[in-house]
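Morning, everyone. Please open the structure on your screens and keep the sequence beside it.

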Amino acid sequence: MLMRSDPFRDLDRFTHQVSATAARPAVMPMDAWRDGEQFVVEFDLPGIDEQSLDIDIERNVVTVRAKRPDVDPSREMLATERVRGVFSRQLVLGDNLDTDHIDARYDAGVLRLRIPVAEKAKPRKIPIKRDDRQHAAISA
């Protein structure tokens, strides 16, 4: 069952974003869905320079990191509501995904990962073989 609202998770996410540091990075919102033979994951990263994006995979764990630069100290800020600093998110992928062929693209503030389903996880037909030995033994 998919839980649409979890107030404790939302509170934890808000607290984590407000108190993010380099040692404790902020989370990034994401959507994930299956589209035919692949899974698609999108991360919202508005205002992030593409050069600050970093994607690593170790075993079946994908780690996405990004950094939004600090506010220029010479500016007299009237409001500072956008979270700054390091953003990080880890996804644990199942064995049914092909982590060797992940496609990552960043456009208009959205990082999109396309992760294909592994060949071994795709539905397939199993041929049924005839046991000729047993048939030959009966006819002899």
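I'll take the sheet, then one arginine.

First, the ground rules. This is a predicted model, where local features need pLDDT of at least 70, side-chain atom pairs count only at pLDDT 80 or more, and totals for chains, interfaces and linings use all residues. Residues are numbered from 1 along each chain as its sequence is written, and side-chain values use heavy atoms, with hydrogens and water left out.

Now the sheet. Strands here are DSSP runs of E, at least two residues, numbered from the N terminus. Two strands pair if DSSP finds at least two bridges between them.

In what order do the four strands of the open sheet stand? The order is β1-β2-β7-β6, and the pairing is antiparallel. β1, residues 30-35, and β6 are at the edges with a single partner strand each, so one side of each has no neighbour in the sheet. On average, neighbouring strands are turned by 15° against each other, direction ignored. Those angles are between axes, which are lines fitted to C-alpha atoms; angles run from 0 to 180 degrees between N-to-C directions.

Look at β7, residues 110-116. Seven bridges pair β7 with β2, residues 38-44, in the antiparallel sense. There, E42 is opposite R112.

Now β6, residues 103-107. Five bridges join β6 to β7, again antiparallel. Walk along the pairs. D103 partners R114. A104 is opposite L113. D107 partners V110. The hairpin has two residues between these strands, and A108 takes a positive phi near 55°.

Next, the arginine. R68 lies in strand β4, residues 61-68. Is R68 buried or exposed? R68 is buried, meaning under 20% relative accessible area with a 1.4 Å probe, protein chains only.

What lies 2.3 Å from a polar atom of the R68 side chain? That is the backbone oxygen of P46. R68 also touches other residues, including G47, I48, R82 and F87; touching means heavy atoms within 4.5 Å.

Conventions. Buried < 20%, exposed > 50% of the residue type's maximum accessible area, 1.4 Å probe, protein only. Lys, Arg positive; Asp, Glu negative; His and termini not counted. Salt bridge = Lys/Arg side-chain N within 4 Å of Asp/Glu carboxyl O. Polar contact = N/O pair within 3.5 Å; in protein donor to acceptor, adjacent residues only side chain to side chain. Lists of a residue's contacts leave out its neighbours within four places in sequence.
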